[in-house]
Amino acid sequence: MTTPILQARGLVKRYGRVTALAGADLDLMPGEILAVIGDNGAGKSSLIKALCGAVIPDEGEILLDGRPVSFATPVDARVAGIETVHQSLAVAPSLDIAANLFLGRERRRPGVLGSVFRMLDRTGMRAEAKKQLDALGIMTIQNPGQAVETLSGGQRQAVAVARAAAFGSRVVIMDEPTAALGVRESRAVLDLILQVRDRGLPVILISHNMPHVFEVADRVHIQRLGRRKAVVDPKTISMSDAVAIMTGAKEAPE
Amino acid sequence: MTTTAPPAGTPVGDEHTTRSPLSRLQHLLHAQATIGPAVVLLIAIVVFALLSDRFLQPNNISLILQQVAVVGTLAVGQTIIILTAGIDLSCGAVMVLTSIVMAKVAAETGLPGVPALLLGFLIGTVCGLLNGLLVTRLRLPPFIVTLGTLNVFFALNLWYSESATIRGGDMPKLLLWTGETFTVGNTRITYGSIIMVLLVAGMAFVLKNTSWGRHVYATGDDPEASRLSGIRTARVLLSVYATAGVIYALAAWILIGRIASASPQAGQTENLDSITAVVIGGTSLFGGRGAIVGSLIGALIVGVFRNGLALAGVDVLWQTFAVGVLIIAAVSIDQWIRKVKP
């Protein structure tokens with residue numbers, strides 16, 4: 001059996017008297033899209049935040065390639081190769097696409113210009129941004145020097161996904177990537193997610209949208225009351241059964 | 001006032017042919033916010049040159065540059081703070097306190113020019129750091145922090161100076177050097193205005209070409225997104241306020257040269273004047289958008305308006321009126337630019 005690339009074991013997170021995670025587990029296998037679904041308050045967000053370093057769990061451990069890791073900040077998780085596309089996208093609207101792609105990890109020019117004058121490699125970063133967008137087939141965006149606020153919602157999402165795909169070496173986590181999008185834009189983003197997977201990067205997809213989940217996911221992790229209730233195969237279970245397990249109307253299959 | 005058509009063939013990102021001229025202008029200004037103020041400055045210069053023969057005389061241009069040097073320098077510090085969606089009401093008070101301390105210590109103890117100047121830079125930096133710490137550690141709004149420190153610094157200035165002006169003759173020559181002039185053609189230019197121009201060029205370079213510059217913009221644009229992208233926003237803010245403090249010390253040096261003394265009553269309206277320059281220069285008060293060069297142009301616009309209207313024999317109250325109209329026009333245009341559609 002192959003080792004999961006990312007594992008969570010018995011994660012517990014309490015906020016005062018509220019227990020958001022009550023011993024949650026998660027297994028992400030290499031090269032798969034694992035969807036995480038759950039009702040509001042099931043602990044999806046807390047689980048994802050723990051995995052991307054945004055919150056520190058009270059108990060439990062996270063294993064990357066079978067080795068325990070601990071993330072104090074989102075930067076730690078990024079250094080370990082886990083990139084997250086947040087629901088808010090985390091882009092700076094007035095900066096251009098290339099600047100956003102490299103935000104927080106800008107490249108400097110080689111030689112004295114970079115080391116003494118701290119000059120950014122603007123042309124290099126633009127070329128690289130163009131390459132990343134092209135690699136993901138984002139043809140509608142032509143100019144990486146365009147400000148992000150002049151883009152449509154789907155294009156912004158594409159920029160955020162391109163950033164994660166460009167820098168994520170181990171895992172890409174996407175939080176509700178289609179929540180704010182129209183039908184056509186959602187379609188394009190789902191294709192992007194499949195492309196990221198096909199490039200060999202496993203994806204954790206958090207979504208409320210069952211048709212989207214069932215369309216792209218290889219496995220579906222059902223979160224309920226702070227725990228993993230079941231992991232199901234979307235090819236063998238119906239959407240309504242998955243929802244029934246999620247809401248507690250039905251027990252998980254063995 | 002800036003509804004002139006954009007120059008033909010200007011590349012504006014993904015220009016669509018279907019856009020109306022107004023929408024094209026909006027996109028152009030969105031990409032290059034400095035164009036608007038630059039056009040206003042050019043029009044103002046042309047109009048005032050037509051109204052008065054003396055306007056373009058070398059002596060008059062030299063005078064405008066001298067008048068603008070102090071506010072233009074302060075505006076550089078003010079701009080980097082406003083880019084982070086902050087504001088600094090204390091900049092004038094920091095400048096005056098700094099000028100008083102370096103002048104009085106040098107005059108009373110005979111401290112030579114270089115250490116006196118370094119002392120001034122130390123004072124400016126400490127004042128800036130204090131503002132920065134209050135903003136980042138206590139998480140108070142910059143408006144409140146600097147409204148408070150404005151009063152604190154001004155009171156300290158009155159206390160230390162005992163409300164007395166320090167005469168230029170009692171100071172080391174170096175402190176007055178910024179007011180000295182050299183001649184280009186038949187225009188006399190002060191070293192103070194040269195310092196301002198070099199500062200503007202240097203800061204424009206840093207903002208455009210370094211990670212720090214980009215992080216300043218990003219922090220003002222969307223602090224949460226910046227934090228999630230791995231930018232240590234508190235550290236960026238602290239560095240911005242401290243850097244502004246250093247720049248205010250530079251302004252203090254230029255101020256001493258300009259008035260050939262150090263007066264505790266100087267610079268009382270400079271905080272609002274610097275904000276005026278920044279806003280007229282096209283930098284957004286909401287952060288994340290704007291440029292240093294715009295602030296210099298903004299300061300020049302105010303200087304040119306005041307000077308040109310005075311030469312045209314217009315009462316000083318209408319100069320103030322004109323500046324008020326400029327501010328409202330500039331902010332309205334900024335609001336419009338921000339609503340740019342994809």
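Predicted model: local features only at pLDDT ≥ 70, side-chain atom pairs only at ≥ 80, totals over all residues.

Reader: What ipTM and pTM does the predictor give the complex?

Author: The complex has an ipTM of 0.83 and a pTM of 0.87. For chain B, the mean pLDDT is 89. Of the residues in chain B, 94% reach 70 or more. Now look at residues 1–16 of chain B. Their pLDDT is below 50. Even so, this stretch has 23 contacts in the model beyond near neighbours in sequence.

Reader: On to chain A. How many helices and strands does chain A have?

Author: Chain A has 9 helices and 10 strands. Its radius of gyration is 19 Å, close to the 18 Å that the globule rule gives for 254 residues, so chain A is as compact as a globular protein of that length. Its C-alpha trace spans about 60 × 40 × 40 Å along the principal axes.

Reader: What share of the residues of chain A count as buried?

Author: The share is 46% of the 254 residues. Contacts tell you about the fold as well. Take those in chain A with a separation of 6 or more: residues 24 or more positions apart account for 65% of them.

Reader: Now the sheets. How do strands of a sheet pair?

Author: They pair through backbone hydrogen bonds, either parallel or antiparallel. In chain A, start with the open sheet of 6 strands. Its order is β6-β7-β8-β3-β9-β10, and its pairing is mixed. The edge strands are β6 and β10 (227–232), each pairing on one side only. From one strand to the next, the twist averages 20°.

Reader: Which strands does β7 of chain A pair with?

Author: There are partners on record here from both ends of the order. Strand β6 (residues 82–85) of chain A runs parallel to β7(A), with 4 bridges. A:Glu83 stands opposite A:Val172. Strand β8 (residues 203–206) of chain A also pairs with β7(A) in the parallel sense, over 4 bridges. There, A:Met174 stands opposite A:Leu205.

Reader: Is β7 of chain A enclosed or open to the outside?

Author: In β7 (residues 171–175) of chain A, 5 of the 5 residues are buried, so the strand is largely enclosed by the rest of the structure. Check both faces. A:Val171, A:Ile173 and A:Asp175 are buried on one side, and A:Val172 and A:Met174 on the other.

Reader: Which helix lies across β3, β7 and β8 of chain A?

Author: That is helix α7 (residues 183–198) of chain A. It runs at about 155° to β8(A). Strand β3 (residues 33–38) of chain A also pairs with β9 (residues 219–224) of chain A, parallel, over 5 bridges.

Reader: What is the order of the sheet of 4 strands in chain A?

Author: The order is β2-β1-β4-β5, with antiparallel pairing. Its edge strands are β2 (18–28) and β5 (67–69) of chain A. The twist averages 30° from one strand to the next. Between β1 (residues 6–15) and β4 (residues 59–64) of chain A there are 5 bridges. A:Leu6 stands opposite A:Leu64. Helix α1 (residues 44–51) of chain A lies across β1, β2 and β4, at about 120° to β1(A).

Reader: Last, how many residues of chain A are in contact with chain B?

Author: 27 residues of chain A are in contact with 21 residues of chain B. On the chain A side, helix α2 (residues 74–79) gives the largest share, 3 residues. That side divides into 12 nonpolar, 10 polar and 5 charged residues.

Note on methods. Residues numbered from 1 in each chain as written. Chains lettered and ligands numbered in written order. Pairing = 2+ DSSP bridges. Helix = DSSP H or I, 4+ residues; strand = E, 2+ residues; numbered from the N terminus. Axes fitted to C-alpha atoms, helices over the stretch in contact; angles between N-to-C directions. Contact = placed C-beta atoms within 7 Å. Nonpolar A, V, L, I, M, F, W, Y, C, P; charged D, E, K, R; others polar. Rg over C-alpha atoms; globule rule 2.2 N^0.38 Å. Buried ≥ 20, exposed ≤ 12 C-beta atoms within 10 Å, placed from the backbone. pLDDT = per-residue confidence, 0-100.
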